[in-house]
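I opened the notebook to record what I looked up in this structure. The entries follow in the order I made them.

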Amino acid sequence: MAKPRATSFTEEFEPILIRAWDSYAEKIDNNLLSKTREAIIDIRKIYRFKEKFPSRISFKKAKYRAGYLAAFGQRHAYLSYWHLQKVKKDNENLIPKPKAGSLTVTVIGAGAALEVYGLCLFYNEAKQQLRWLHLNLIEKISEWRDTRHIVTGRLQKDKFPKINIQLTEIDADISNNDCIKKFAEYHDDLVSTNIVLIYNVLNEIETKHALKVFRNLKYIFRQAENPILILLMEPNAKKAQPRVKWLIEKLLESTEIISKNNDEEISFNEEP
C-alpha cells in the first residue's frame, strides 16, 4: 500500500481560513483570496500602529479572524513543534510522555489555539503516541472562542482524526486579583497539566502586575500532579526581556532552564 502523501500546514489551513470567513466553499476562490489579502493588510496595520486603533480587536468579525489567521497562522502553528524539537535535542527525557495516549496542555493566552497543530504534529509525526489531548485554554478575550473551535475542529477532522481533542475554556485574565478563584473552579482540569505554553502574552502585560501574574501562574504549577514543561516565547526576545525577566527569575526558584536563547531566529518559510 502506498504511503499517504504528507500535507503541509498551508493545505491544512485552507479549510480553516474558509470557515473563518463563515463560508462553506470547498476551495478558496478569487473573491475570498482578494478579501483575505485586504484583511492581512488591515490586521498588520492594527498591530503595527496600535496607538491609532482600538485596544481590542473584535474577532467576532470574519475579516479580523481571517486576517489574523492568514497573517500569523503558520508562525503560531509551528512554534510548539519547534520548541518541543529543541527540548528533545537537549534532553529527550524532559519531554512529557502521554500516559495511555493522554496528554494535558494548558495554554496561557490561548487566542486562536493554533499551537495545537504543532503539538499534535510533534507527538504523532513518527508514530501514534497521542490519542487524547486535553487543552486548558486560558484567555481573557472571549471573542477568540469561535475561532478556536474552528481551528481545533478542522484540525481534528482533517489532519488528526485519531486524536480526540477536548477543550476546557477558562475565561480569565492572569493580571487580575480574582484569577486564582477562577482557576480553582477548574482544579480537576488543571491538576493534570503536563505542558504549559506561554506564547506572546507577557509583553502585553505591564510590569506593575508582575507579582499578581506570577501568583496566578504559581497556582497552576503547584496544583499539578506531574512535572511541568514550561515553554515561554516572545516574538522579539530582546525587546521583551525587561518584561519577562522577572518571570524567569521567579521560575528559577523552583525549576531549571533547559534552553534559553534571546538571539536565535526561527524561519517559518518552510515546513519542518
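Is Tyr-219 buried or exposed? I looked up its relative accessibility and found 15%, so Tyr-219 counts as buried. The cut-off for buried is under 20% relative accessible area. I note at once that this is a predicted model.

**Entry: around Tyr-219**

I placed Tyr-219 in helix α8, residues 210-223. Next I listed what Tyr-219 touches, leaving out residues up to four places away in sequence. The list reads Ile-180, Phe-183, Ala-184 and His-187. For Ile-180 I also took the C-alpha separation from Tyr-219, which is 6.8 Å. Along the chain these two are 39 residues apart.

I then turned to Lys-181, in helix α6, residues 179-185. Its relative accessibility is 64%, so Lys-181 counts as exposed. Lys-181 and Asn-216 are 35 residues apart in sequence. In space I get 9.4 Å between their C-alpha atoms.

**Entry: overall layout**

I stepped back to the whole protein. I find 9 helices and 5 strands. Along the sequence they run α-α-α-β-α-β-α-β-α-α-β-α-β-α. The protein has 272 residues, and 46% of them count as buried.

I also checked how far contacts reach along the chain. I took the contacts between residues at least 6 apart in sequence. Of these, 80% join residues at least 24 apart.

**Entry: α2 against α3**

How do the axes of α2 and α3 cross? I have helix α2 as residues 30-48 and helix α3 as residues 62-91. Their axes come within 8 Å and cross at roughly 85°. The two helices are therefore roughly perpendicular to each other, since 65 to 115 degrees is the range for that term.

I wrote down both sides of the contact. From α2 come Thr-36, Ala-39, Ile-40, Asp-42, Ile-43, Arg-44, Ile-46 and Tyr-47. From α3 come Lys-63, Tyr-64, Gly-67, Tyr-68, Ala-70, Ala-71 and Phe-72. By class, the α2 and α3 contact holds 10 nonpolar, 2 polar and 3 charged residues.

Arg-37 also lies in helix α2. I looked up its relative accessibility, and at 53% Arg-37 counts as exposed. The C-alpha atoms of Arg-37 and Gly-67 are separated by 7.7 Å. In sequence Arg-37 and Gly-67 are 30 residues apart.

**Entry: Leu-69**

Which residues is Leu-69 in contact with, leaving aside its neighbours within four places in sequence? I found Phe-13, Ile-16, Ala-20, Ala-112, Leu-114, Thr-147 and Val-151. Leu-69 sits in helix α3. Leu-69 has a relative accessible area of 1%, so I marked it buried.

**Entry: aromatic rings**

I searched the whole structure for aromatic pairs and got 9. One of them joins Tyr-117 and Phe-160, with ring centres 5.9 Å apart and 65° between the planes. That makes this pair edge-to-face. Tyr-117 is in helix α4, residues 115-124. Phe-160 is in the loop between α5 (144-159) and β3 (164-171). The pair links distant parts of the chain, 43 residues apart. I find both Tyr-117 and Phe-160 buried.

I also noted an aromatic cluster made of Phe-59, Tyr-68, Phe-72 and Trp-144. Two of its members, Tyr-68 and Phe-72, are on the α3 side of the contact with α2.

**Entry: charges over rings**

Where does the charged end of Lys-35 sit? I found it over the ring of Trp-21, 4.5 Å from the centre. I logged Arg-19 too, which lies over the face of Tyr-24. The distance from Arg-19 to that ring centre is 4.4 Å.

**Entry: positive phi**

Asp-22 is not a glycine, yet its phi is positive, about 60°. I placed Asp-22 in the loop between α1 (9-20) and α2. Ala-113 also has a positive phi, near 60°. Ala-113 belongs to the loop between β1 (102-108) and α4. Its relative accessibility is 3%, so Ala-113 counts as buried.

How values were computed. Residues are numbered from 1 along each chain as its sequence is written. This is a predicted model: local features need pLDDT of at least 70, side-chain atom pairs count only at pLDDT 80 or more; totals for chains, interfaces and linings use all residues. Side-chain values use heavy atoms; hydrogens and water are left out. Axes are lines fitted to C-alpha atoms, for helices over the stretch in contact, and angles run from 0 to 180 degrees between N-to-C directions. Helices (H or I, at least four residues) and strands (E, at least two) are DSSP runs, numbered from the N terminus. Angles under 35 degrees count as roughly parallel, over 145 as roughly antiparallel, 65 to 115 as roughly perpendicular and the rest as oblique. Contact means heavy atoms within 4.5 Å. Ala, Val, Leu, Ile, Met, Phe, Trp, Tyr, Cys and Pro count as nonpolar, Asp, Glu, Lys and Arg as charged, and the others, Gly among them, as polar. Rings of Phe, Tyr and Trp (its six-membered ring) pair if their centres lie within 6.5 Å; planes under 30 degrees apart count as stacked, over 60 as edge-to-face and the rest as tilted. Buried means under 20% relative accessible area, exposed over 50%, partly exposed in between (1.4 Å probe, protein chains only). A charge sits over a ring if NZ of Lys or CZ of Arg is within 6 Å of the ring centre and within 35 degrees of the ring normal.
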